[in-house]
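Student: Before we talk about sites and cavities, could you show me the model, so that each label can be set against its definition?

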Amino acid sequence: MRNLTFLTRLKPFVAGAFSLMLLTLAAKSFANNDLPDLGTAAVNTFSLEKEMVYGDAYMRIIRSSAPMLNDPVLSQYLTELGNKLVAHATGVKTPFYFFLLQNDEINAFAFFGGHVAVHTGLFLNADNESELASVLGHEITHVTQRHLARSLEAQQKSNPATIAGLLGAILLTIAVPQAGMAALATTQAMATQSKINYTRLHEKEADRIGMQILVDAGFDPNAAADFFGKLATRYRFTTTPPQMLLTHPLPESRITEARNRAEQYPKRYIPDNLNFQLAKARIQVRFSSYSDEAVLSMFDKQLNKQTYSFKEAALYGKALALFRLKKFDESEKIVDELLKIDDNNLFYIDTKADLLTERKDYAKAIAMLEAQRKMKPTSQVINANLANIYIEADQAPKAIPLLEDMIFLDKQNQLPYQLLSAVYKKTGNQALEYFSTAELMALGANYKGAIDQLNFAYRASESNPLQLARIEARIRQFKMADKEMEALK
């Protein structure tokens, strides 16, 4: 799918509403009685249910404030990779949700409720899939070992004000290290060496267990040390290290331990994954600070000098760059050759759909995607592309069941709600257009705006009693959710 329509381009982290709200959480959480009681007794029983509540709240804040990517191809790749690792983790007590943020910084972070964020910069700086997987395995371990909850429990001798402030500051530090470190400095939580050491213990545990997950999932155990070493070399003398090194300190001993640990596993050849290199090429072209001309030149150079990991990935990157430069015929020629090699590859299919849509060959695009859907009925790439083309081809009603399936499978995904709003706008169904927009706003924690949209939907649904009842129920739910969100502040 063409990304510009569905990319959430909002405020950057440090200056954005996310930072402000989390700072507000840290500052106000102990100034009122609305926050769940986080005194000693509550911390000792910081339940998974509470983790899920906090995780959902912070995920909604991120959606409203961070440059989150709703690219179905990249999302599906990251989710499949993450789930492959989770399948080999122990102590999994929550579902996992992997998502991408458009940010050239090298960073990834995990928080309550199994949420794992990955910056696009991580793809740009990883040389192979094992290196990316090593970071994901580390973050998955932070979740399975409940490191955030354990950090809170470690403060059980502190007063409730300190603990409540720590909750907001820890989460802020994970997502916005520069701002979060300042917030932590104002609490008693980081005032002693013992608290710092406790954090280092978490990092060691995440390194150790994360590597076991990495190996069990079939990846190279040396990837963690390789990636650590690369970061240490690159930023050894810099005064502004990447965000990842602010939240994951990298002393030399940690690199040595990773190398020693990797040597304990049998040596074996682990080939790289083509789809990782395709995802990296897609990010380089569409979601990085490189110019279109620069990435085209980069892929041409790789092809001429044969410096690529996979020729197909270099060709794919070149095709995407040509597409961005509106050289559609040249782009399509390359994509057609790639499809001859692998006609089921979702990266190629997605770009072919974009090319067919660009020249308004909707019938061919629909035939291709419907054939793919028979083999991949739950693929968000196929369903999103097909729904989008139905909308473009003035067959919007056919998109509705596809989008409803996407929502059923992933209720956190903003994209199907965006497309549903477009469907109902095209079909003149104002009530459901407002309803879909309300659901989209609620995913971004804007419950008051969502309630306004539902009120508009209610007025447009006067002759439909079942729809009116549904809207009334949703208004009540959003009012309750808004109160709960205010309580968390």
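Tutor: What follows is a set of questions about labels and the definitions behind them. This is a predicted model, in which local features need pLDDT of at least 70, side-chain atom pairs count only at pLDDT 80 or more, and totals for chains, interfaces and linings use all residues. Residues are numbered from 1 along each chain as its sequence is written, and side-chain values use heavy atoms, with hydrogens and water left out.

Student: Which residues does the UniProt annotation "binding site" cover?

Tutor: In the unreviewed UniProt entry, that annotation covers His138, His142 and Glu203. They are spread over 66 residues of sequence but cluster in space, with a largest C-alpha distance of 8.4 Å. One caution is that UniProt annotations may be inferred rather than shown by experiment; their positions are given in the numbering used here, and feature names are shortened.

Student: Why is Glu203 called buried?

Tutor: Buried means under 20% relative accessible area, exposed means over 50%, and partly exposed is in between, with a 1.4 Å probe and protein chains only. Glu203 has a relative accessible area of 8%, and therefore counts as buried. The label also applies to His138, because its relative accessibility is 6%, and to His142, because its relative accessibility is 14%.

Student: What makes the pair Glu203 and His142 a polar contact?

Tutor: A polar contact is a pair of N or O atoms within 3.5 Å, where, within protein, one must be able to donate a hydrogen and the other to accept it, and residues adjacent in sequence count only if both atoms are side-chain atoms. The side chains of Glu203 and His142 make such a contact at 3.1 Å.

Student: What makes a space in the model a cavity?

Tutor: On a 1 Å grid over the protein atoms alone, a cavity is a set of points where a 1.4 Å probe fits but cannot get out, and lining residues have an atom within 4 Å of a point. Of the 14 residues lining the largest cavity, the closest to its centre are Ser134, His138, Asp207, Ala224 and Phe228. Of the annotated residues, this lining includes His138.

Student: Which helix gives the largest share of that lining?

Tutor: The largest share, 5 residues, comes from α10. Helices α6 (129–144), α10, α11 (222–234) and α13 (252–263) each supply at least two residues of the lining.

Methods. 1 Å grid on protein atoms, 1.4 Å probe; cavity = no way out; pocket = protein on both sides within 12 Å on 5 of 7 lines; lining within 4 Å. Helix = DSSP H or I, 4+ residues; strand = E, 2+ residues; numbered from the N terminus.
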